[in-house]
Amino acid sequence: MESTNHKNRLILLMLEIMKQYSDEEHRLSQSDIGRLLKRKYGVQADRKSIRRNLNDLVEAGVPLGFTESKRKNPDGTEEIVCTDWYLEHEFSTGELRLMIDSLLFSKQLPAAQRCELIAKLEGLSSTHFRSGLQHIYAATPNTAANPQLFYTIDVLDEAIRQQQQVVFEYCSYDIDKKLHARRREDGTVREYQVNPYQLAAMHGRYYLICNNVKYEGLANYRVDRIRNIRITETPADPCDVSEAAVFAKHMSEHIYMFTGESIPVSFRACRSIINDVMDYFGEDVQFSDATETDVTVMVSVNEDDMFRWAVQYCSSVQILSPEPLRQRVTDTLQAALAEYAIPVHIGG
């Protein structure tokens, strides 16, 4: 008779085998489980023991899947036989791949940290899933690390739930490729005190949407550039309007997350970039005066965001108003053309 310790060890080893080697597309027979027990752990188990332990796992609530079939015995009776066993993993292959892809293309996490988190996600599935990721490489920059990033996210989440103000240092990179806290004119470190409202994901980065207590209106800060954050005892001032509406509007008007007020902008765009217009500005855009090739677009957007977008799409966009923005874009493009123009000398 098997000892209690041996039975307990056997059922744990079988559970580990199901985690590592089975999923819905890769099922194991009792013979497969027996061979893996012998090969991986040097444990010999007969089919009867394996079957009993599989049934015990099912009765204990472990999400094991299997196929039921009828088998006719030599005496003419029939019995139900369970075959093709597999573990129903908490995340499907598609769900895990989506999370891993998000990490692969993350701009705010350094490569080493991305690899560490991906390895943890891989461990939630079978070896068959892990083998499919060996030859994937994401050409994202090897971002300099902010070791406080996850701590900052935790503190902000707590402050938003408690509706308390936070204080933090805000940093910028210098030529030494390190983050340095912004300072006042007298050289002391500047601290920012804000009413935190929402964490938003934009362009692969986290932003804190908040209100700086010194100013009116919403502002946003890159979370990976926040350092030495702490929750204060001061209650946060509530938003004046519906949070969902104001945050959605703020993000649609700040496509590159520059801080500042939004302005009405009119521009002429090629119809070939309508997809890009909708991707960046959302459904609140207004179209008019459409031809087969062009259309006039009206948006409400932060001026610096619009300037950057217009320069990026300069071959397909012409700013109509406001005039200062139109002139700013025109001057920038003309300066760029002049810088890269090749001088031609005409001899006489």
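**Stop 1: an open sheet**

Select strands E9, E10, E11 and E12. These 4 strands form an open sheet in the order E10-E11-E9-E12, with antiparallel pairing. Two strands count as paired if DSSP finds at least two bridges between them. Strands are DSSP runs of E with at least two residues, helices are runs of H or I with at least four, and both are numbered from the N terminus.

Now look at the edges. Strand E10 (286-288) and E12 each have a single partner strand, so one side of each is left without a neighbour in the sheet. Neighbouring strands of this sheet are turned by 30 degrees against each other on average, direction ignored. Axes are lines fitted to C-alpha atoms, for helices over the stretch in contact, and angles run from 0 to 180 degrees between N-to-C directions.

This is a predicted model: local features need pLDDT of at least 70, side-chain atom pairs count only at pLDDT 80 or more, and totals for chains, interfaces and linings use all residues. Residues are numbered from 1 along each chain as its sequence is written, and side-chain values use heavy atoms, with hydrogens and water left out.

**Stop 2: strand E9 and its partners**

Select residues 262-270, strand E9. Strand E11 (residues 294-302) pairs with E9 in the antiparallel sense over 9 bridges. On the E12 side (residues 317-321), 4 bridges join the antiparallel strands.

Click on Ser266. Which residue is its bridge partner in E11? It is Met298. In E12, Ser266 stands opposite Ser321. Next, pick Ile263: Val301 in E11 stands opposite.

**Stop 3: the helix across the strands**

Select residues 303-312, helix H10. H10 lies across E9, E11 and E12 and runs at about 145 degrees to E11.

**Stop 4**

Go to helix H2 (residues 30-41) and helix H3 (residues 47-59). They pack at an angle of about 105 degrees, with their axes 10 Å apart. That makes H2 roughly perpendicular to H3. The cut-offs are under 35 degrees for roughly parallel, over 145 for roughly antiparallel, 65 to 115 for roughly perpendicular, and oblique for the rest.

Show the side chains where they meet. H2 makes the contact (heavy atoms within 4.5 Å) with Gln30, Ser31, Ile33, Gly34 and Leu37. H3 supplies Arg47, Ile50, Arg51 and Leu54.

**Stop 5: the largest core**

Keep Ile33 selected. Leaving aside its neighbours within four places in sequence, Ile33 is in contact with Met14, Ile17, Met18, Leu28, Ile50 and Leu54.

With Ile33, they touch the most other members of the largest nonpolar core, which has 21 residues. Such a core is a set of buried Ala, Val, Leu, Ile, Met, Phe, Trp, Tyr and Cys residues joined through side-chain atoms within 4.5 Å. Buried means under 20% relative accessible area, exposed over 50%, and partly exposed in between (1.4 Å probe, protein chains only).

Which elements give two or more residues to this core? They are helix H1 (4-21), H2, H3 and strand E2 (78-87). H1 gives the most, with 7 residues. Apart from this core lies another, of 20 residues, including Ala269, Val301, Ile319 and Val329.

**Stop 6: Tyr206**

Select Tyr206 in strand E6 (residues 205-212). Tyr206 is partly exposed, with a relative accessible area of 33%.

**Last stop: zoom out**

Buried residues make up 37% of its 348 residues.
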